[in-house]
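Please have the model open as you read.

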Amino acid sequence: MTVQAPSRHDPVVRGASALVGGPRGAHAVGRASRWWTPLRILLAVTLMTSVVGFLAKSPCRTNPWSDEYQYTRTCYTDVFALYYSEGLVGNDTTRMAVPYRDHPVEYPPVIGGLMWVAASVADVVHPHDPHTAANGIVVDHRSLVFFDVTALLLTAFALLTTWAVARLAGRERVWDAAMFALAPGLFLHAFTNWDLAAVAFAMVGLWAWSRGSPVLAGALLGVGIATKLYPVLLLLALLLLCFRSRRLRAWLSAAAAAAVTTVLCYLPAIVLSAQTSTQLRSSVFQFPTQANCPTHYLAGWRWFWTVNTTRPADWDSLWFQLQHLRGHPLDSAQCGAAPVWLNFWVAIATVTVIGAVSLLVLAAPRRPRVAQVAFLLVAGFLLVNKVFSPQYVLWLIPLAVLARPRWRAFLAWQVTEIAVLVSRFYFFVGNDHPGQGAPIEVFFTAVLLRDLALAVVMGLVVRDILRPDADVVRAAGRDDPAGGVLEDAPDRWSRPSPRRPAGAAATA
């Protein structure tokens with residue numbers, strides 16, 4: 001199969017190519033560079049996006065976070081904030097806290113390990129002088145090194161994700177990976193948190209599955225689960241498709257490998273938690289979302305689970321808007337207590353999403369592709385979850401690219417993500433300084449537009465599932481480039497799908 005040029009097959013790319021003379025002609029001749037292969041160009045573009053994203057965060061790297069600076073410059077990043085809140089900063093009298101042993105960490109163990117690596121490098125580079133005063137301004141050199149090392153690690157994960165997306169798209173559609181490499185969401189959030197690590201492990205896991213290696217796929221997905229929990233939904237997508245195609249043995253191998261790998265990743269955190277000093281065990285910690293509600297000590301590796309169970313609805317969720325309209329939360333605030341009713345309704349909504357996607361997989365005229373089901377599960381989960389942090393868009397972008405590689409709807413959705421981030425930050429400004437920034441209604445409107453745009457993309461994917469002949473990926477001649485043992489496998493309920501009129505094409 002030949003490589004498909006997006007400038008010929010996607011109306012948005014075709015229009016953009018007019019800036020450089022239009023699409024390449026069908027009879028154009030000329031020798032292409034042997035070194036600049038499509039994959040290397042995609043990696044270079046990803047590196048460029050990462051560098052620009054780093055520059056966008058750089059004001060917060062070198063300027064004090066005062067007078068809402070981190071919000072008005074839209075350069076806020078959890079990396080700096082958590083360097084201090086997780087006890088990673090040290091000085092001549094206080095050593096760096098080892099995650100899970102000296103301080104509970106609100107993230108799974110792989111992220112804790114990445115924090116430890118970056119903080120250790122910072123300690124080596126600046127072992128005796130973590131705070132240096134220059135021209136009357138206090139500069140924490142260790143935090144700068146910590147952020148720079150973290151940015152390098154996350155850039156490597158971004159490159160790995162691009163590589164995996166290009167491989168999963170297949171040789172004929174390798175340029176689809178440019179949608180991830182140029183995504184506004186990648187530019188905005190590559191260095192907001194450590195989500196790119198989980199994304200990279202998840203996508204490389206799907207690549208291993210596409211190569212017919214369920215055990216390796218499960219192992220990589222297990223590392224992803226120990227980074228952020230969402231790769232569990234990818235395993236669920238594979239279960240639904242394996243059930244329809246009678247490939248449950250392959251799924252069981254992947255699931256077993258994922259379970260073993262997840263436990264192995266947690267073991268160091270569990271061991272470190274067991275080494276916590278008696279003095280630390282007797283102290284108390286506060287839930288980040290309940291600042292005035294201290295709770296008794298919990299083992300460091302369990303802190304992640306406790307925080308996520310007890311946290312209320314986050315700013316960007318529909319549940320928060322519902323509570324704002326009601327004038328009070330679904331649960332009365334109690335120190336250290338989980339919001340039982342909120343968690344209950346979130347669980348019901350999540351089960352509903354899973355049930356709806358399961359019925360779609362079983363009822364579709366042809367077995368859906370892996371990326372389509374995975375995207376619907378992850379997107380649906382985020383829409384009904386009580387937390388939809390802006391950087392979670394990174395979970396969705398690679399799956400959206402593989403599920404429906406069309407630029408128009410994708411870019412419209414990405415524009416709404418920009419609106420959410422900007423309005424969120426300026427709402428925080430107004431929340432701290434009444435009369436400044438943006439009112440909450442502006443922020444809520446941006447969130448609703450984002451959710452609507454994401455729902456539209458989901459609807460287009462559902463349409464492609466119900467009308468397989470409208471799927472641009474299958475139009476290239478492949479059943480499922482990411483399918484692995486599922487590609488061209490027997491289909492329990494396959495039936496002919498309605499045909500489009502000749503020449504019709506999806507352009508949304």
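How many of the 12 residues of α11 are buried? The count is 9 of the 12, so α11 is largely enclosed by the rest of the structure. Buried means under 20% relative accessible area, exposed means over 50%, and partly exposed lies in between (1.4 Å probe, protein chains only).

This is a predicted model, in which local features need pLDDT of at least 70, side-chain atom pairs count only at pLDDT 80 or more, and totals for chains, interfaces and linings use all residues. Residues are numbered from 1 along each chain as its sequence is written, and side-chain values use heavy atoms, with hydrogens and water left out.

**Helix α11**

Helix α11 spans residues 214-225. Helices (H or I, at least four residues) are DSSP runs, numbered from the N terminus. From first C-alpha to last, α11 reaches 16 Å, close to the 16 Å expected at 1.5 Å a residue. That expected span is 1.5 Å times one less than the number of residues in the helix. The buried residues of α11 include Pro214, Leu220, Leu221, Val223 and Ile225. Buried residues of α11 pack against α6 (109-125), α10 (195-210), α12 (231-245) and α13 (248-274). Contact here means heavy atoms within 4.5 Å.

**Salt bridges**

The whole structure holds 18 salt bridges. A salt bridge is a side-chain nitrogen of Lys or Arg within 4 Å of a carboxyl oxygen of Asp or Glu.

| Pair | N to O distance |
|---|---|
| Arg478 and Glu172 | 3.6 Å |
| Asp316 and Arg424 | 2.8 Å |
| Asp471 and Arg369 | 2.7 Å |

Take Arg478 and Glu172, a salt bridge at 3.6 Å. Arg478 lies in the segment after α21 (440-466) and Glu172 in the loop between α7 (141-169) and α8 (178-181), so the pair ties together parts 306 residues apart in sequence. Arg478 is partly exposed, at 21% relative accessible area. Glu172 is buried, at 4%.

Next come Asp316 and Arg424, joined at 2.8 Å. Asp316 sits in the loop between α15 (303-310) and α16 (318-326), and Arg424 in helix α20 (residues 407-432), 108 residues apart. Asp316 and Arg424 are both buried.

Asp471 meets Arg369 at 2.7 Å. Asp471 lies in the segment after α21 and Arg369 in the loop between α17 (340-363) and α18 (370-384), so this pair ties together parts 102 residues apart in sequence. Asp471 is buried at 1% relative accessibility, and Arg369 is buried at 2%.

Finally, a network of salt bridges links Arg366, Arg367, Arg474 and Asp479.

Note on methods
Helix = DSSP H or I, 4+ residues; strand = E, 2+ residues; numbered from the N terminus.
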